[in-house]
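Biologist: Can you put the model up? I'd like to go through it with you.

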Amino acid sequence: MKASDLLVKCLEEEGVKFIYGVPGEENLDMLESIRTSSIKLILTRHEQAAGFMAATYGRLTGKAGVCMATLGPGATNFVTAAAYAQLGAMPMIMITGQKPVKTSKQGAFQILDIVDMMKPLTKFTHQLVSGDNIPNKVREAFRLALEERPGAAHLEVPEDICEEDVDLQPLKASSVRRSIAEDKSISAAVEKIKRANNPLLLIGAGANRKLTSRMLTAMVDKLGIPFCTTQMGKGVVDETRPEFIGNTALSAGDFVHRAINHADVIVNVGHDVIEKPPFFMTDHDVEVIHMSFNTAKVDPVYFPQLEVIGDIANAVWRMTEQLEPQDHWDFKFFETVRDKLTAQIAEGTDDDRYPVYPQRLVKDVRDVMHDEGIIALDNGVYKIWFARNYMAKHPNTVLLDNALATMGAGLPSAMAARFVHPDRRVMAICGDGGFMMNSQELETAVRFNMNLVVLILRDDAYGMIKWKQLNYGFENFGLDYGNPDFVKYAESYGAHGHRVESAAGLKPLLERCHSTPGVHVIDCPIDYSENDRILNSEIQQRAAAI
Ligand SMILES: Cc1ncc(C[n+]2csc(CCOP(=O)(O)OP(=O)(O)O)c2C)c(N)n1
Ligand SMILES: [Mg+2]
């Protein structure tokens, strides 16, 4: 069998359904092998977007997403996506081409040491130098990409290796279960929670990876323990439940931090320090129980005293079995925080001013998204508003990146969500800056006949940085730009272009776009003039007053 056929068979054996990418001439053997396989090629207009799609596929399914690119410039375009997957713990495999390794006729044209370049960005990076190694190296790449903590893996496949004739079959994955926490660590955690007066759950990114939602929900059902979420832990437990007391979109000073400061034991489920800190540990007054697949990285603002290491869902289930609600648990203060937060979030949701204000925007988006609808956020200041004000009801229904926090991933990640969940409402929410970093993928979305809504929040600036600039006391400088006419821009791709003309017009327009087939691009002028006042002072003052 031809080696590239074996490579693709190995991918099929791993359950790969899609390969996202931009082939170059060094990938042509592989492309031909894909053509006759069960795998669907999703041809994109930029490798970075292909990488974001593969990573998001991994994030949503728990299976590794696969992307391909050529050598040199194709492979270097994967760098940001590799970092996105690696920091965000999303299982992803990158396959890049290379000139022949046995003989070379083109000098160093386009040749870079891609394997070395990928080292700090991946869990595994390897150049295949023999077709006979394909089955074991592919399996190894998948094993490492998938294993907790998941991340990126890279295989370089030179042209002459692809053409080899090999007589091998794919290796099958072994049957393996994740290790579970040791009994004594479970009982130590149970004892601490029992003895606490004000225990609090904090749900982080790791809890969104594996199916911990059911077990955590059962724990909250049985014990009534209040919970808060990190940005990447949103939706693991329904945030519209009365036990929810807020998201840690800001790292300090928010209502939720009053609750965190009040807690005497914090059960931190699935958090790792890759996320912007949900709170700063400053002393040993509060006891933090770190529950995750891996031990906590040593960090000056996070130093849990007890760790329960192993499969999270299993540990949560065993702890729930051993715990009963305790008479001395006192959640009154948490409830006060929740009531004040709920009231504060409701403010401004009917604001008629135009351009639209963030509070109303989040509310209107929430209203049209249905419970299982997915919003995929790019990176900008609106991310804080959505993380804080948008209540997620199901796991992985708010796709945001609080790890690499890269711009440009909003549209590709929404497209990946569309491939995985053809029946749900899916919306990309991007700033005008982030949207323009991968807007070319509108063509891909139109070509694949997607039903997709892309909401562009237009402030004609890198708003997030403007907000920080103002907060640092600097003059307004260097962050404003112009934009294309997004309606015409969308139409030139064969998408539907819309413009929000009034605050009242936003929600009906969103509803119409979601219920009409096709790619819809919405130009939504936004007013960020109150960001600094609300996010940097009002919230802190009101939280402090509780
Ligand atoms: C690739 C990348 N470049 C730069 C940044 C730094 N950065 C973070 S947010 C931001 C501005 C985002 O602007 P926009 O997408 O328009 O969103 P806005 O905040 O204006 O709503 C910048 C430059 C980043 N996170 N990622
Ligand atoms: Mg902007």
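Modeller: Start at the ligand. The shell around ligand 1 splits into nine nonpolar, eight polar and three charged residues. Nonpolar means Ala, Val, Leu, Ile, Met, Phe, Trp, Tyr, Cys and Pro; Asp, Glu, Lys and Arg are charged; the others, Gly among them, are polar. Keep in mind that this is a predicted model, where local features need pLDDT of at least 70, side-chain atom pairs count only at pLDDT 80 or more, and totals for chains, interfaces and linings use all residues. Residues are numbered from 1 along each chain as its sequence is written, while chains are lettered from A and ligands numbered from 1 in the order in which they are written.

Biologist: How many residues surround ligand 1, and which are the closest?

Modeller: There are 20 around it, and the closest are Gly 380, Gly 431, Gly 433, Gly 463 and Met 464. Helix H17 (432–437) and helix H19 (463–471) are the elements that give two or more residues to that shell. A residue counts as near if its C-beta atom, placed from the backbone, lies within 6 Å of the molecule. Helices (H or I, at least four residues) and strands (E, at least two) are DSSP runs, numbered from the N terminus.

Biologist: New topic. In what order do the six strands of the open sheet run?

Modeller: E2-E1-E3-E4-E6-E5, with parallel pairing. Two strands pair if DSSP finds at least two bridges between them. At the edges sit strand E2 (40–43) and strand E5 (124–127), each pairing on one side only.

Biologist: What joins E4 to strand E6?

Modeller: Seven bridges, and the two run parallel. Gly 97 is opposite Val 157 in E6. On the other pairing, E3 and E4 share five bridges, also in the parallel sense. There Cys 67 faces Met 94 in E4.

Biologist: Is E4 mostly covered or exposed?

Modeller: Covered: seven of its seven residues are buried. Buried means 20 or more other C-beta atoms within 10 Å of the residue's own, exposed means 12 or fewer, and partly exposed is in between, with C-beta atoms placed from the backbone.

Biologist: Which residues of E4 point which way?

Modeller: Met 92, Met 94, Thr 96 and Gln 98 go one way, and Ile 93, Ile 95 and Gly 97 the other. In a regular strand the side chains alternate between the two faces of the sheet.

Biologist: And E1, how many bridges join it to E2?

Modeller: Four, with strand E1 covering residues 18–22. Phe 18 has Lys 40 as its bridge partner in E2.
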